[in-house]
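Have a look at the structure first, then read on.

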Amino acid sequence: MTPGPPAARTDSYYGRPVIKAPAWSAQDIAGYFFLGGLAGAGSVLAAGAQLTGRTTTARALKVSSLAAVGLSAAALVHDLGRPSRFPHMLRVFKPTSPMSMGSWLLSAYGPAAGAAALTSVTGRLPRTGAAATAAAALLGPALATYTAVLAADTAVPAWHGAHRELPYLFAASATAAASGMALLTGPPRENAPARCAAVFAAVAEDTAFRAAERRLGSVAVTYREGRAGRLMRAARTLTAAGTAGAVLFGHRSRPAAAAAGLALLAGSACTRFGVFAAGIASAEDPAHTVGPQREALARRRTTLAQ
Amino acid sequence: MRDNLLSGPEPDPARDAGHQDAPPRVGFFTDTSVCIGCKACEVACKEWNAVPEDGMALTGMSYDNTGGLGASTWRHVAFIEQPVPAGRTRLPLVEPDTRGGDGAAEDSGMRWLMSSDVCKHCTHAACLDVCPTGSLFRTEFGTVVVQEDICNGCGVCVPACPYGVIEQRPTDGRAFKCTLCYDRLGAGQEPACAKACPTESIQFGPLDELRERAALRVDQLHEAGVAEARLYGHEPDNGVGGDGAFFLLLDEPEVYGLPPDPVVTTRDLGTMWRHAGMAALSLAGGAALSFALPALTRPKGRR
């Protein structure tokens, strides 16, 4: 701002963070991202399995989706500062709040997933079951991707900076988890679509993550270092191994399919916990807040000068 | 949902929030060039608002043992000790000691910067936008306040704030921040911190008036040779649509722990929902393809 000789300048207030990292527990919220994805994408695969006569897989996926959405709702409530006030989530319908939209989505999806699972297991009310299966399959993709907006709609550099890519990463990771669950619980004669979905998911996840890294520039380091780096590398290895195992051996051997499925599930969980950890790391280092903002200011000044 | 309510200039946020006949928008102008770091604002804020203690630890970094804004710290006096930047004029606050002799203070080559930080009461407040319960709301004065009886401690406002102001109190679970003394405003009083400030570093009043006053003050300082004086957060077209609490600083914002170019995250909300929608469709499409491909290859033997 002032012309003159360059002086020694500090770029932060005693190295303290500029923004506040969320106080969320990783287990609850990253766990919620993973379980919500597993449930949502699982409902889509369940509907497909149902339509194509893969009834064992369909039933297993419906049950896993119900379990996952139940656990994810429990994680959300557990993470509240005032769990008894959970019903306040439904006081308003607020499109500017991803948490509000997610709460409404959960309250519509949850019963649908529950009805789909119960009718499938008991074999009663087949029409209700079909309707519930369809409803869960329609809402499932939204449940799997809205959590990316929940994370990105913050000032956290590693999340907001990747707000265009994060939904695709989450969709891919959710598909990987659901195909993993299908491989784990379904018989090999029914798992061709799951193997196919695993390949799509692995390719899409890798593409989305690379795009996010490019977009993030200097902030991308938060996905490579420390806990986040270890988790993201583990996720890549597990997803690749799971996909390769599923494609090569998934149709021949039940144990191989199950192992591949477990690897895919673990890979998806690592991705979500890795994204979460990268966000925390980026919030705690003032350089990741100040650096990109300085660059934006400099870019604007150059445009103004021209 | 009109886009211009999520970012960009917005002259009357209170009216846009549904307050008919809203009084003029009020705020703070904190002139850090006259702050003496006495922390009377911190104390007055705590006393008036009955804010609990925020830790009795010594930071060991400076005379600032408060650290930063948080759930139990709604005013925070930053204290920076730094070498006087080369080529910069000293702030002529006090007449030089002309008595001569050994009594004249030696020039240490260091300077102290002090600044009382506070919630910015943004025109486009990310905390308010992302709050799922409606606990955070826009008052008739254009300020942003948390309703303690509504907040359920979801904590999403905490990372949403581009200034790191709002925080959950660990012992309580709910989120807290400066209310700009909503109760005092309602009774026609100025906020406790501004009332307590002995040097009028913290000035309270209608925002338009404060902006004029701040422009005059920064001109005055420039004329006095303090070229590094600059306003921070005053422009209605900045990333948060103008701050309800803005500052006169004597160094770059990040030196005071302030972000140099904060942007309300909800500016990109439309883009985010659009990509989430596309991603959801891609997920459904990918799944459909995963069932279609094996069906096409089925004649070779069902798998």
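This is a predicted model: local features need pLDDT of at least 70, side-chain atom pairs count only at pLDDT 80 or more; totals for chains, interfaces and linings use all residues.

**A pair inside chain A**

Let's start with helix α6 (residues 166–185) of chain A and helix α9 (residues 254–284) of chain A: their axes come within 7 Å and cross at roughly 155 degrees. Angles over 145 degrees count as roughly antiparallel, so that is how α6(A) runs relative to α9(A). The crossing of α6(A) past α9(A) is left-handed.

Who does the touching? On the α6(A) side, the contact includes Ser173(A), Ala176(A), Ala177(A), Gly180(A) and Leu184(A). From α9(A) come, among others, Ala257(A), Gly261(A), Leu264(A), Leu265(A), Ser268(A) and Arg272(A). Sorted by class, the α6(A)–α9(A) contact has 11 nonpolar, seven polar and one charged residues.

**A pair across the chains**

Now for a pair with one helix from each chain. α7(A) packs against helix α8 (residues 269–296) of chain B at an angle of about 130 degrees, and their axes are 8 Å apart. The two helices, α7(A) and α8(B), are therefore oblique to each other. This time the crossing, α7(A) past α8(B), is right-handed.

On the chain A side, Ala192(A), Pro193(A), Cys196(A), Ala197(A) and Phe200(A) of α7(A) take part. They meet Gly286(B), Ala287(B), Ser290(B), Phe291(B), Leu293(B) and Pro294(B) of α8(B). By class, that contact has nine nonpolar, two polar and no charged residues.

Here are the two pairs together:

| Helix pair | Axis distance | Angle | Crossing |
|---|---|---|---|
| α6(A) and α9(A) | within 7 Å | roughly 155 degrees | left-handed |
| α7(A) and α8(B) | 8 Å | about 130 degrees | right-handed |

**The wider contact between the chains**

Zooming out, how many residues does each chain put into the contact? Chain A gives 78 residues and chain B gives 67 residues. On the side of chain A that touches chain B, the elements giving two or more residues are α1 (26–51), α3 (98–122), α4 (126–152), α6, α7 (192–216) and α10 (286–305) of chain A. The largest share of that side, eight residues, comes from α4(A). By class, the side of chain A that touches chain B has 46 nonpolar, 20 polar and 12 charged residues.

Notes: Residues are numbered from 1 along each chain as its sequence is written. Chains are lettered from A and ligands numbered from 1 in the order in which they are written. Axes are lines fitted to C-alpha atoms, for helices over the stretch in contact, and angles run from 0 to 180 degrees between N-to-C directions. Helices (H or I, at least four residues) and strands (E, at least two) are DSSP runs, numbered from the N terminus. Angles under 35 degrees count as roughly parallel, over 145 as roughly antiparallel, 65 to 115 as roughly perpendicular and the rest as oblique. A crossing is left-handed if the near helix is turned anticlockwise from the far one by less than a right angle, and right-handed if clockwise. Two residues are in contact if their C-beta atoms, placed from the backbone, lie within 7 Å. Ala, Val, Leu, Ile, Met, Phe, Trp, Tyr, Cys and Pro count as nonpolar, Asp, Glu, Lys and Arg as charged, and the others, Gly among them, as polar.
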